[in-house]
Amino acid sequence: MTFTLFSTLATLGGIALLAIALALLQRLRVQHREVEVLSTLFWRAALKETRARVFVRRFRHWPAWLLLVVIASLLWLLLAGPRWQPLNPTRHIVLLDGSIANKTTLAIDLELATTKAASLPIMQREIVTAGPHLQTLLAPGDPIELTNLRANLETTPASTGIHWALETLSSRASATTPLAIHIIGDVAVDQAYLESLPPELIIYRIQRPPSDDQALLRALGVSNAKSGNWQMVDVLFASSTPQVFDVQQISITVDDLPIQAEILPADNGDFLIEDLPAQGGVLKLRHGEEQLGSLTLPHRDAIRVSFETGVPNDLRELILLDPACQETQSDPEILIGESEFADFRLTPDDQSAFQIESELPDPQAALAKLIDELALTQIDATALAERSGRLVDVQVTSGEERKLSMWKTLFTPAFNFQQSRACPILVARSIRWLANRPPLVSWAEQGMRLPDARPAFDRVIAQTTTTSDGRTLQVTRLTRSITEPAEIIDSPNPGLLAGIGITTWLGLVAMFLLLTEWVLYQRGRLP
Amino acid sequence: MNDTFNLLDPDFLQQARAMRVVARRVAPAGRWAEHRSRDRGQGMEFRDYRPYSPGDELKSIDWNVYQRLGRFVVRLFEEMEDLPIYLMPDLSRSMWQEDPPRALTAMQVAIAFASIGLDQHDRVGLLPFAQDLNTTIRPTSGRGRLSLIAESLTRAAETARSNPQGTNLATALSKLRGLRLRDGLLIIISDFFDPHGIEVMTSELKRTRHRPLLVSIGRPTDRDPNLQGDVRVRDCETGDMQDVSITNTVMEQYRAAYDAHFQSLRDFAHSRQGSFLLLDHESDVMKQLASLFEGGSYVA
């Protein structure tokens, strides 16, 4: 047996306390006030008569008996926890957009969700929030008040969208038990995706009251600068309240220092700020005195590389064509060569094709991640093996710092690898991995997975997203949709008495009957 | 005279003297007094004839009848005799429990009837009781004996108050029967809170040959006690405890038991051509007694 409100220990402790309290009350009840009377003759007769009526006198109080039977039956039914067998088997899930970073909006959504859930059959409704993962705030049968207890009001904006939540929840629908999902708020759902859903899954939307007096961001993100400057990024943001959003009142600061940047209108009513320095500063947008959102800009300083002698010319040119790399003769971050000191080491063909030395304590466990991160999956390993006549393998070892070794022959015309599309990707990823410069997450938006999402990007803590290089990406509402938003019908309004369970009704009837019994007893109508 | 309880209050006695007890019939073999007797003899009022039998006085033969019918018949005259009045005031513990005690009222009632009886030359016996019957005071007559009765009653009351006992009316009545007293008016003045119950009381009452007058000394709170909540009532005579949770139902049952108790006494009294008077201890005694004396007389 489990308990909803308390732990087992607390429940048993409460029972013990109640038992003690009742025992004390019982004892208080027998502490009669002693009164001396002339005779107890009539008291004895009265009590004898009373007792006789209860136990042995002929049955003559049918209405009173029936009333007591009804009350006792109702209380027993309450104890048994009755549940209606619903006529409509549809289950309902009220889905909260967990990416909401605005506490006021989240509180409004939570209130909308609890109001909706309260109007649904208690055993067929639940409240689920789609944040970094699905979290059940209210399970079927739970008291509605538990929602607020379980709701983590610390916002946990997630970039993983709501489609995956719908996908996960849709598995609960079947032909016999249809599922209705009531989405709170204006989170976008792709029309094409909506049409692909099975017929037993019905999507409703519960509209949030329009916020007329507060400017809110709908999206905020960074992308590579259109100018092509590696050390610059473009910032794009969108308003969810265009009627009160005045771009003239937008002020921009980086590390709390105001910067003068032109805000350009973009498609779909969005706004663009071009060529902001990618130096890891914290960008903040303010609308008047109100902060709309903040974002940590990527740190995109140049990767200083140096070459030993003997480096194939194709590889050298490929690296120097990368705008992120800058050749230097002193204090390089990445040394490329054949010596054992090189970070990017070119090895003979008799060694493993790819050797990765990672600072991770258990690199074997992260092998797949490393292969993906270095884009090794894009290499046509079969063709390479045929040309080389050797096994193309990947070895991962643990070390103090990152090192990467691969065949020098790969960058010579011998295997024709330097002509493949995978070559520049492999080199660029390798250089960035060695320099700990992960690719920029160009855009994060709700409704879609991150374009190049990795597990590290999906882990969202509070209002920040931690990138794989340890940088912090602070986000606000990520609701910009680049797909065709679906028109979702509004969730039907419940009836006035909807959602009141049988337990409540039974309790009300029992209370009424107990009150009736008390009144009758006080008036002497009940023995 | 030791009159601690001021029983001989002149005003009180003056009111009592205005009342009379009239017997329908008195038992034979009594003293001359003012009540008609079943005896036929030396009275003034002719009542009947009967055939002559040897031993009858010749002067009682009606010679006129003999002349007309040739038979000897004897004229009978109504005998006027006294009505014995036996006063049984209850002096048990319950009668002393309150202030002023109910026993005082009982004594006043007893003195009132004693005064009435002695004034009309009846024999008045004082038989106070509690656990048992006090038979030390013999029936007496004569107007001058009222002070003697009052003194005896006072002495008995002081003894009872200093050494209170429980009530046992059945034992007292049984002992009364053993005295083989001439039939008369038995006035029991009590609260009738005998712990042995009404059945025992009425059973013993039915065995006595006297005409009963039951005077119950009570007060309104006897029927409607001002008790609430959970109480433990303790009998002042027996010490018995009874836990009671006062509810409307219990109070109704209490009142029903109270009413049934006194209705039994009332029924018994009426069945024996007697009377039952519930006398409020807190009201004027004489005014309440007057309700018994319609036109100034109580017909026993």
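This is a predicted model: local features need pLDDT of at least 70, side-chain atom pairs count only at pLDDT 80 or more; totals for chains, interfaces and linings use all residues.

Visitor: Why is B:Arg266 counted as partly exposed?

Guide: The relative accessibility of B:Arg266 is 27%, and since buried means under 20% and exposed means over 50%, this residue falls in between and therefore counts as partly exposed.

Visitor: Is A:Tyr193 buried or exposed, and how do you know?

Guide: The relative accessibility of A:Tyr193 is 14%, and because buried means under 20%, this residue counts as buried. A:Tyr193 has its place in helix α7 of chain A, residues 191–195, and, when residues up to four places away in sequence are not counted, it touches A:His163, A:Leu166 and A:Glu167. The C-alpha atoms of A:Tyr193 and A:Leu166 are separated by 9.7 Å, with the two residues 27 apart along the chain.

Visitor: Turning to whole helices, what puts the buried residues of α1(B) on the same side?

Guide: In helix α1 of chain B, residues 10–17, the buried residues are B:Phe12, B:Leu13 and B:Ala16. They cover an arc of only 95 degrees around the axis, and therefore they are on the same side of α1(B). An α-helix has 3.6 residues a turn, so residues three or four places apart point the same way. On the other side of α1(B), the residues B:Pro10, B:Asp11 and B:Gln14 are exposed.

Visitor: What do the buried residues of α1(B) pack against?

Guide: They pack against three helices of chain B, namely α3 (102–119), α4 (146–162) and α9 (285–290).

Visitor: How do you know that the buried residues of α10(A) are on the same side?

Guide: Helix α10 of chain A, residues 381–388, has A:Ala383, A:Leu384 and A:Ser388 buried, and because these cover an arc of only 125 degrees around the axis, they are on the same side of α10(A). The face turned away from that buried side carries the exposed residues A:Thr382 and A:Glu386, while the cover over the buried residues of α10(A) includes β21 (403–407) of chain A. Just after α10(A) comes A:Gly389, which takes a positive phi of about 70 degrees.

Visitor: Why is α5(B) called roughly parallel to α6(B)?

Guide: The axes of helix α5 (residues 169–178) and helix α6 (residues 198–206), both of chain B, come within 9 Å and cross at roughly 10 degrees. Angles under 35 degrees count as roughly parallel, and so α5(B) is roughly parallel to α6(B). The contact is made by B:Leu169, B:Ala170, B:Leu173, B:Ser174 and B:Arg177 of α5(B), together with B:Val200, B:Met201, B:Glu204 and B:Leu205 of α6(B).

Visitor: How do the residues of the contact of α5(B) with α6(B) divide?

Guide: They divide into six nonpolar, one polar and two charged.

Visitor: Finally, how many helices and strands does each chain have?

Guide: Chain B has nine helices and twelve strands, and 51% of its 300 residues count as buried. Chain A has 13 helices and 24 strands, and 44% of its 527 residues count as buried. The accessible surface of chain B comes to about 13,900 Å², with 46% belonging to carbon and sulfur atoms, whereas chain A exposes about 28,000 Å², of which carbon and sulfur atoms supply 57%.

Terms used:
Residues are numbered from 1 along each chain as its sequence is written. Chains are lettered from A and ligands numbered from 1 in the order in which they are written. Side-chain values use heavy atoms; hydrogens and water are left out. Buried means under 20% relative accessible area, exposed over 50%, partly exposed in between (1.4 Å probe, protein chains only). Helices (H or I, at least four residues) and strands (E, at least two) are DSSP runs, numbered from the N terminus. The arc is that of the directions from the helix axis to the C-beta atoms. Contact means heavy atoms within 4.5 Å. Axes are lines fitted to C-alpha atoms, for helices over the stretch in contact, and angles run from 0 to 180 degrees between N-to-C directions. Angles under 35 degrees count as roughly parallel, over 145 as roughly antiparallel, 65 to 115 as roughly perpendicular and the rest as oblique. Ala, Val, Leu, Ile, Met, Phe, Trp, Tyr, Cys and Pro count as nonpolar, Asp, Glu, Lys and Arg as charged, and the others, Gly among them, as polar. Accessible areas come from the Shrake-Rupley method with a 1.4 Å probe; for residues, only the protein chains shown count as cover.
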